[in-house]
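Biologist: Could you walk me through this model and tell me what stands behind the labels you use?

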Amino acid sequence: MAVTNIKMLYPTDVFSEWAKDGKDIGMEKGHAKSVDEMIAYAFKERSHFGKNFSFLDLGCGNGWVVRNVTKNPLCERAVGIDGAKQMIANAESAGGNAKYILADINSFESDEKYDVIHSMEVLYYLEDPSKVVQKISEFWLNEGGRLIVGIDLYYENTDSHSWQEKVGTPMLMLKESEWINIFEVAGLKDIQTWRANSSSDWAGTLVITGKK
């Protein structure tokens, strides 16, 4: 039996190359509907509170989500963090009032807290997402703050099972119940999940959200 050895690249190296090639624009368009649904959910809550809020996009790519969030009149501070150098370069070149941080999310320690932390298509690339979610819960979220994440690669989405080999970077395949458990162990409350932007031929983005 022939054995195929696939060289796996570090995720941030892959996405830096994608950003150089302009593929970040395709990612933006592909994720827009799911992200819009997630952001609308989080911001409805913030609007109900009627107070200014701070926002962090974990794995912000070219910054498109952060730039959109700055348009919300209640947003007083919007920050994006990404480990792909070219993604951050693209984000900064787009201008706007957002702040961007180039850092390895696996080891990053935030010296600021946020009311809303959003992440789309990032957690399963991390070395230990449970550790990062724990840090978010303990140190990055303000009391009453919300973490909301979107994941397209998960066990129940069979279309995603071949993505690791196609993209050539390590990806963590977990079930919905396992993601829920990560949030629960981190101490997050009122945890909810749903499928965003699902259709007859697409399982949809698995959204997981919880509050501190």
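This is a predicted model: local features need pLDDT of at least 70, side-chain atom pairs count only at pLDDT 80 or more; totals for chains, interfaces and linings use all residues.

Biologist: Why is the contact of Glu 45 with Arg 146 called a salt bridge?

Modeller: A salt bridge needs a side-chain nitrogen of Lys or Arg within 4 Å of a carboxyl oxygen of Asp or Glu. The closest N and O atoms of Glu 45 and Arg 146 are 2.8 Å apart, so the pair meets the rule. Glu 45 lies in helix H2 (residues 23-49) and Arg 146 in strand S5 (residues 141-151), 101 residues apart, and the pair thus links distant parts of the chain. Helices (H or I, at least four residues) and strands (E, at least two) are DSSP runs, numbered from the N terminus. Glu 45 and Arg 146 are also linked with Lys 211 in a network of salt bridges.

Biologist: How many salt bridges does the rule give?

Modeller: The count comes to 7.

Biologist: What makes Glu 112 and Lys 99 a salt bridge?

Modeller: Their closest N and O atoms are 3.9 Å apart, and the pair counts because the rule asks for within 4 Å. Glu 112 sits in the loop between S3 and S4, and Lys 99 in strand S3, 13 residues apart. Glu 112 forms a salt bridge with Arg 77 too, with the closest N and O atoms 3.5 Å apart.

Biologist: Why is Glu 112 called partly exposed?

Modeller: Buried means under 20% relative accessible area, exposed over 50%, and partly exposed in between (1.4 Å probe, protein chains only). Glu 112 has 26% relative accessibility, so it counts as partly exposed. Arg 77, with 26%, is therefore partly exposed, and Lys 99 is partly exposed with 44%. Glu 45 and Arg 146, by contrast, are both buried.

Biologist: Which residues of helix H4 are buried, and how do you know that they line one face?

Modeller: In H4 (residues 85-93), the buried residues are Met 87, Ile 88, Asn 90 and Ala 91. Seen down the helix axis, they fall within an arc of 160 degrees, so they line one face of H4. That arc is taken from the directions from the helix axis to the C-beta atoms. The face turned away from the buried side carries the exposed residues Lys 85 and Ser 93.

Methods
Residues are numbered from 1 along each chain as its sequence is written. Side-chain values use heavy atoms; hydrogens and water are left out.
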